[in-house]
Amino acid sequence: MTASCFITFEGIDGAGKSTHIHSTASWLRAQGRQLLLTREPGGTPLAEALRSLVLQQPMDALTESLLVFAARRDHLQQAIEPALARGEVVLCDRFTDATFAYQGSGRGFDHTVLATLEAWVQQGRQPDLTLWFDVAPAVAAQRRAAARAADRFEAEDLAFFDRVRAGYAARAAAQPQRFVRIDAAQAPADVAAQVQAALMAQGPWSAR
Ligand code: TYD
């Protein structure tokens with residue numbers, strides 16, 4: 001089957017999206033689908049180098065935004081667009097909704113500037129489907145504390161993640177046709193069931 005599809009996984013740090021993107025990739029591969037599993041910032045050598053800078057070096061919100069969009073430009077040109085042209089499914093761990101949520105809502109950076117960068121960099125490309133793993137920031141913080149050392153974003157306080165969560169909610173409300181909210185507070189098996197249901201209903205393999 002050659003129906004390409006661009007699916008993004010979003011949510012605050014600790015929501016569990018990275019676990020579920022990997023199980024989704026296994027599930028799709030088991031069905032014989034060609035896919036690209038990738039992430040942002042990252043996904044190409046240049047974009048991975050920019051990721052290290054963004055996650056570790058102090059910088060202001062405009063610099064952060066320019067770097068994530070620079071990484072995104074390279075990622076789209078070198079990896080995402082070619083994979084879609086080959087008819088593959090692209091699963092991407094974060095994309096531009098993260099920029100609106102983290103730099104826009106979290107850092108308070110100008111959404112109009114972000115929308116301009118989005119238009120320049122993406123030339124109209126948008127995900128076909130976005131799975132938004134939504135969970136309360138306090139729950140996510142507990143999960144992160146158990147799992148790993150914090151990067152620059154993960155070290156932010158609960159108020160920051162409240163704003164990021166509200167940023168995702170606003171994006172989901174503005175573009176309901178591509179967003180599916182996943183209740184990420186549930187047990188992993190229940191979250192996985194929600195993900196599969198969303199993919200069955202809205203993937204290129206659905207009857208819609
Ligand atoms: P994440 O994808 O959660 O990776 P890991 O699971 O390895 O921690 O981390 C990427 C971080 O980058 C995350 O804290 C959010 C941040 N980010 C932005 O601030 N803006 C963006 O546009 C993107 C794509 C990510």
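A: There are 15 salt bridges in the structure, a salt bridge being a side-chain nitrogen of Lys or Arg within 4 Å of a carboxyl oxygen of Asp or Glu. This is a predicted model, where local features need pLDDT of at least 70 and side-chain atom pairs count only at pLDDT 80 or more, while totals for chains, interfaces and linings use all residues. Residues are numbered from 1 along each chain as its sequence is written, and side-chain values use heavy atoms, leaving out hydrogens and water.

Let's start with Asp 13 and Arg 94, whose closest N and O atoms are 3.6 Å apart. This pair links distant parts of the chain, 81 residues apart: Asp 13 is in the loop between β1 and α1, and Arg 94 in the loop between β3 and α4. (Helices are DSSP runs of H or I with at least four residues, strands runs of E with at least two, numbered from the N terminus.) Both Asp 13 and Arg 94 are buried; buried means under 20% relative accessible area, exposed over 50%, and partly exposed in between, with a 1.4 Å probe and protein chains only.

Next come Arg 107 and Glu 64, which meet in a salt bridge of 3.1 Å, N to O. Arg 107 lies in the loop between α4 and α5 and Glu 64 in helix α3, so this bridge ties together parts 43 residues apart in sequence. Glu 64 counts as buried because its relative accessibility is 0%. Shared partners join Glu 64, Arg 107, Arg 152 and Glu 156 into one network of salt bridges.
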